[in-house]
Amino acid sequence: MTGVYSSKSANTVRKNAIVLPIYNIMLLFITLLGFAALFVVPGLKNPNMAFPMLISKTFGPIPTALIGAIIILGSMIPASIMSIASANLFTRNIYKKINYLFLTDLV
């Protein structure tokens with residue numbers, strides 16, 4: 001919903017709605033990778049560690065560390081997108097109105 005409220009126009013929302021099924025297909029591949037990791041690493045107690053354990057068993061310690069760093073960086077992206085969207089909402093809906101009110105009082 002934050003993308004709809006912070007978009008420039010209705011065309012932007014339409015374009016995003018067209019691309020959304022492709023994004024869902026990509027999520028299907030990620031889900032299949034997670035199931036593959038559960039089959040490769042049987043008896044895993046923490047399912048959140050399925051993919052890192054798959055990488056650890058498949059490669060070595062150095063690629064595991066690099067891929068772990070990539071996972072950590074990738075987890076920061078949704079938080080940054082949400083903060084950008086909330087900043088857009090604030091500047092377009094609140095700050096602009098407050099600034100307009102104060103500037104009209106001075107004139």
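## Overall fold

Read from one end of the sequence to the other, the protein chain follows the pattern α-α-α-α, and its secondary structure accordingly comes to four helices and zero strands. The model is a predicted one, and the values below are computed from it. Of the 107 residues in the protein chain, buried residues make up 7%.

## Helix 2

Helix 2, which runs over residues 10–40, has 31 residues and reaches 45 Å from its first C-alpha to its last, a span close to the 45 Å expected at 1.5 Å a residue.

Is Leu38 buried, exposed or partly exposed? With a relative accessible area of 38%, Leu38 is partly exposed, because this value falls between the 20% under which a residue counts as buried and the 50% over which a residue counts as exposed. Leu38 and Met53 are 15 residues apart in sequence, and from C-alpha to C-alpha they are 9.2 Å apart in space.

## Helix 3

Helix 3 covers residues 50–58, and its buried residues are Ala50, Leu54 and Ile55. These residues lie on the same side of helix 3, because they cover an arc of only 135° around the axis.

## The second largest pocket

About 170 Å³ of space lies in the second largest pocket, which is lined by Ile30, Leu33, Gly34, Pro47, Asn48, Ala50, Phe51 and Pro52. The elements that give two or more residues to this lining are helix 2 and helix 3.

Which classes of residue make up the lining of the second largest pocket? By class, the lining has six nonpolar and two polar residues, and no charged residues.

Methods: Residues numbered from 1 in each chain as written. Predicted model: local features only at pLDDT ≥ 70, side-chain atom pairs only at ≥ 80, totals over all residues. Heavy atoms only, no water. 1 Å grid on protein atoms, 1.4 Å probe; cavity = no way out; pocket = protein on both sides within 12 Å on 5 of 7 lines; lining within 4 Å. Points joined across faces, edges and corners; volume = space filled by probe spheres on them. Nonpolar A, V, L, I, M, F, W, Y, C, P; charged D, E, K, R; others polar. Expected span 1.5 Å × (residues − 1). Buried < 20%, exposed > 50% of the residue type's maximum accessible area, 1.4 Å probe, protein only. Arc of directions from axis to C-beta.
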